Amino acid sequence: TNTPAFMAKQTGTQNINNTTWTKVQFNAEVFDTDGTYDHSSNYRWTPAVAGKYFMYLGITIDDLDNGKGLYIKVYKNGSGVAETVSVVGSGVTEKYSRNMSFIDIADDNDYYEAYVYHDIGSAEEIRTDYQSIFMGYKIIE
């Protein structure tokens with residue numbers, strides 16, 4: 001099977017300050033097959049089984065003005081392992097999403113955390129619906 005596996009989302013508002021990398025507090029487990037996602041304090045996933053893993057991070061914020069950027073990054077053991085950036089072109093001033101997926105090799109004690117950054121000019125809220133999620137699962141070899 002493709003376990004361990006988890007999917008987490010937010011149930012409350014989290015403000016993301018301007019030009020600051022901020023850990024996303026995915027505080028609700030949609031599922032967590034092995035109880036390895038910490039949804040209450042560190043907001044991180046420790047697979048607990050060595051192997052290859054598919055990871056996904058998607059973030060949506062309500063407003064992103066022309067020429068501004070939304071950046072997302074997954075940290076592994078405190079260092080960036082995957083990152084993506086999007087700068088908005090002209091005419092977009094409504095909700096905006098950025099997502100990424102990647103495959104990584106993990107030991108049993110590695111951990112993954114989701115971060116977000118923007119340069120809108122003021123604090124911005126992450127959407128709390130299924131448009132902002134963090135997930136991962138073991139790839140069957």
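## Glu83

A residue is partly exposed when its relative accessible area falls between the buried limit, under 20%, and the exposed limit, over 50%. Glu83 has 46% relative accessibility, so Glu83 counts as partly exposed. This is a predicted model.

Glu83 sits in strand S9, which covers residues 79–87. Leaving out residues up to four places away in sequence, Glu83 touches Trp21, Tyr71, Ile72, Lys73 and Met100.

## Tyr137

Tyr137 belongs to strand S13, residues 133–138. Tyr137 is also partly exposed, at a relative accessible area of 27%. Its contacts, apart from neighbours within four places in sequence, include Asn2, Pro4 and Ala5. Trp45, Lys52, Tyr53 and Phe54 are also in contact with Tyr137.

Glu83 and Tyr137 are 54 residues apart in sequence and 19 Å apart in space, C-alpha to C-alpha. For Tyr137 and Ser40, the values are 97 residues and 20 Å, again C-alpha to C-alpha.

## The chain as a whole

The chain has 13 strands and 0 helices. Its C-alpha atoms fill a box of roughly 45 × 25 × 25 Å along the principal axes. The radius of gyration is 15 Å; a compact globule of 141 residues would have one near 14 Å, so the chain agrees with that value.

Of the 141 residues, 45% count as buried. Take contacts between residues at least 6 apart in sequence: 73% join residues at least 24 apart.

## Surface and charge

The chain exposes about 6600 Å², and carbon and sulfur atoms supply 42% of that area. There are 11 positive and 19 negative charges, and their mean positions are 3 Å apart.

Key:
Residues are numbered from 1 along each chain as its sequence is written. This is a predicted model: local features need pLDDT of at least 70, side-chain atom pairs count only at pLDDT 80 or more; totals for chains, interfaces and linings use all residues. Side-chain values use heavy atoms; hydrogens and water are left out. Helices (H or I, at least four residues) and strands (E, at least two) are DSSP runs, numbered from the N terminus. Buried means under 20% relative accessible area, exposed over 50%, partly exposed in between (1.4 Å probe, protein chains only). Contact means heavy atoms within 4.5 Å. The radius of gyration is taken over C-alpha atoms; the globule rule is 2.2 Å times the number of residues to the power 0.38. Accessible areas come from the Shrake-Rupley method with a 1.4 Å probe; for residues, only the protein chains shown count as cover. Lys and Arg count as positive and Asp and Glu as negative; His and the chain ends are not counted. The place of a charge is taken as NZ of Lys, CZ of Arg, CG of Asp or CD of Glu.
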